[in-house]
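Here are some notes to read alongside the structure. Please keep the model open as you go through the points.

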Amino acid sequence: MDITNIIALMCIHTHIFRTMYPRFLAIQRLGRQRGAIFKQEGSSPTRTEIAAYYRARNLACVVFPVDAESTTGEVRVPNEDVAEAAAENPDVLIPFASIDPAKGKMGALEARRLIEQFGVCGFKFHPTIQQFYPNDPKAYVLYEVIAEAGLSAIFHTGHSGIGTGVRGGGGIRLKYSNPMYLDDAAVDFPDMPIISLAR
């Protein structure tokens, strides 16, 4: 990336979706809520549209999918697809990966492969959707790989907007995104820079 052509890293939170998550009523209805919650209309942009949007404004962004297969049953957008999109648009897209912490050692192996073979620059976690506490030791095998590579981890904390206005929050539990649970991870993995992303 030639930063002399970039005015700013505008967003460290740009999702690449396949579809919405059917298991959670809140996310299923999100398409109808978007205008009110996220000030966004229409369907999610494609990766080509995302790149074009940022390029036209001389901006860059971090892109990633959300892997929550164990909790939603939704087949994820492959991390490789995101990395390839960034490789096709290296002037504006910075690839991060998302791996469901429930994948344990298999997830750690995937993380290592994505770092070594696809050049991902960091990892994104969404505890609310992935239904895990960031200080759960089960996630530590994944953090070890990220820390060893000296890469950053983004955690969505606080309220994400998902579940707003839906009975019972659509099954979304905010307890997982309490930022206090990042404290243990930060202490236990001082070589893994943590970005707490809250709305």
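1. Start with what covers helix α5. This is a predicted model. The buried residues of α5 are covered by elements that include α3 (47–56), β2 (59–64), β3 (93–95) and α6. Helix α5 itself spans residues 79–88. Its buried residues are N79, E80, V82, A83, A85 and A86.

2. An α-helix has 3.6 residues a turn, so residues three or four places apart point the same way.

3. Now the largest nonpolar core. How many residues does it have? It has 25. V120, F123, F125, Y143, I146, F155 and M192 have the most contacts inside it. At least two core residues come from each of α6 (104–118), β4 (122–125), α8 (140–148), β5 (152–157) and α9 (182–188). Which element gives the largest share? Helix α8 does, with 6 residues.

4. Look next at F155. Leaving out residues up to four places away in sequence, F155 touches F125, P127, F132, P134, Y143, L182, I194, I195, S196 and L197. Two of these partners, F125 and Y143, are named with F155 among the core residues with the most contacts.

5. Then the sheet. It is open and has 3 strands, in the order β4-β5-β6, with parallel pairing. Strands β4 and β6 (194–198) are the edges, each pairing on one side only. On average, neighbouring strands are turned by 20 degrees against each other, direction ignored. The β4 and β5 pair is joined over 4 bridges.

6. Last, L151. Where does L151 sit? It is in the loop between α8 and β5. Is L151 buried or exposed? L151 counts as buried because its relative accessibility is 14%, and the cut-off for buried is under 20%. Not counting residues up to four places away in sequence, L151 touches I115, V120, C121, G122, F123, I146, M192 and P193. L151 and I194 are 43 residues apart along the chain, yet 9.1 Å separates their C-alpha atoms.

Note on methods
Residues numbered from 1 in each chain as written. Predicted model: local features only at pLDDT ≥ 70, side-chain atom pairs only at ≥ 80, totals over all residues. Heavy atoms only, no water. Core = buried A, V, L, I, M, F, W, Y, C linked by side-chain atoms within 4.5 Å. Buried < 20%, exposed > 50% of the residue type's maximum accessible area, 1.4 Å probe, protein only. Contact = heavy atoms within 4.5 Å. Pairing = 2+ DSSP bridges. Axes fitted to C-alpha atoms, helices over the stretch in contact; angles between N-to-C directions.
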